[in-house]
Structures are given as C-alpha cells and as structure tokens.
Amino acid sequence: MEFLSDEWYTAANRALEQLDVGDTQLSVAYVSESSSHCIVLADGRASVDREVDSADITLRQTADVTDALRHGSLSALTAIQEGLIAVEGNVGRLAAAREVLAAVDTVLSSVSTT
C-alpha cells in the first residue's frame, strides 16, 4: 500500500490501537510540500490523521527528507541538527514525549508501504 493513502491510514490506526501512550497529550504535524499528516497522542491513545488543523509541534521538511526519514537513511535528530527539518512550537514538549513518539514510530514502521 502507498504511504499516506487511505489504506495506509486505516492500517496505521489499526496498528496504533494497542499502543498505550499514558498521559501524554501532544499533536505533532509533519508537513512537506507534497503531503502532511498529524500524530495525535491523547486520552492514552495514539492516532494518525491526514488533517492538520492545529498542532502543538509542526515539523516542516522537503519530500526528499520525508522519504529519507521513512526509509531510515536519515535520522530525525540529524535532520533537525542539520537544519533539514524546521521545528515550530514548544521543543521541550517534543523532547519530553520522545519515548512515546519513538514507540509510535516503531509501530508505524511496521505498516507495509510501497
């Protein structure tokens, strides 16, 4: 299935159903020139949505950076340090949620894409 397709969102949210995010309350928008999506951590659950109405943190990057991150050839930390990802919002909240977001990333990386 194609990354960020309707089928991918359905599979991703199904995979995230079992993940407990505790009391973390955060929304993180990932925005590139060709796509956007938002990870929402609320009420002990995680979900991913294509709508990005508002977010606590917004990460802006090019489509090439998005692909490199998704395929694991670039780490998010390196991309941020090198200025390839612009971070808008409270970076402290992002850092505080790093373990939960890493767990979300692990779950989402298990969702097959083409």
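The largest cavity holds about 30 Å³ of space. The model is predicted, with local features requiring pLDDT of at least 70 and side-chain atom pairs pLDDT 80 or more, while totals for chains, interfaces and linings use all residues. Residues are numbered from 1 along each chain as its sequence is written, and side-chain values use heavy atoms, without hydrogens and water.

**Exercise 1.** State which residues line the largest cavity, and give their classes.

Step 1. A cavity is a set of points, on a 1 Å grid over the protein atoms alone, where a 1.4 Å probe fits but cannot get out; lining residues have an atom within 4 Å of a point. Volume is the space filled by probe spheres set on the points, which are joined across faces, edges and corners.

**Exercise 2.** Determine why His37 counts as buried, and list its contacts.

Step 1. His37 belongs to strand S2, residues 36–42; strands are DSSP E runs of at least two residues and helices H or I runs of at least four, numbered from the N terminus.

Step 2. His37 counts as buried because its relative accessibility is 10%. Buried means under 20% relative accessible area, exposed over 50%, and partly exposed in between, with a 1.4 Å probe and protein chains only.

Step 3. Beyond its neighbours within four places in sequence, the contacts of His37 (heavy atoms within 4.5 Å) include Phe3, Leu4, Tyr9 and Tyr30.

**Exercise 3.** Describe the aromatic pairs.

Step 1. Rings of Phe, Tyr and Trp (its six-membered ring) pair if their centres lie within 6.5 Å; planes under 30 degrees apart are stacked, over 60 edge-to-face, and the rest tilted.

Step 2. Phe3 and Trp8 are edge-to-face, at 5.0 Å centre to centre with 75 degrees between the planes. Trp8 and Tyr9 are also edge-to-face, at 5.3 Å centre to centre and 80 degrees between the planes.

Step 3. Phe3, Trp8 and Tyr9 make up one aromatic cluster. Phe3 and Trp8 are buried, and Tyr9 is buried as well.

Definitions and conventions:
1 Å grid on protein atoms, 1.4 Å probe; cavity = no way out; pocket = protein on both sides within 12 Å on 5 of 7 lines; lining within 4 Å. Nonpolar A, V, L, I, M, F, W, Y, C, P; charged D, E, K, R; others polar.
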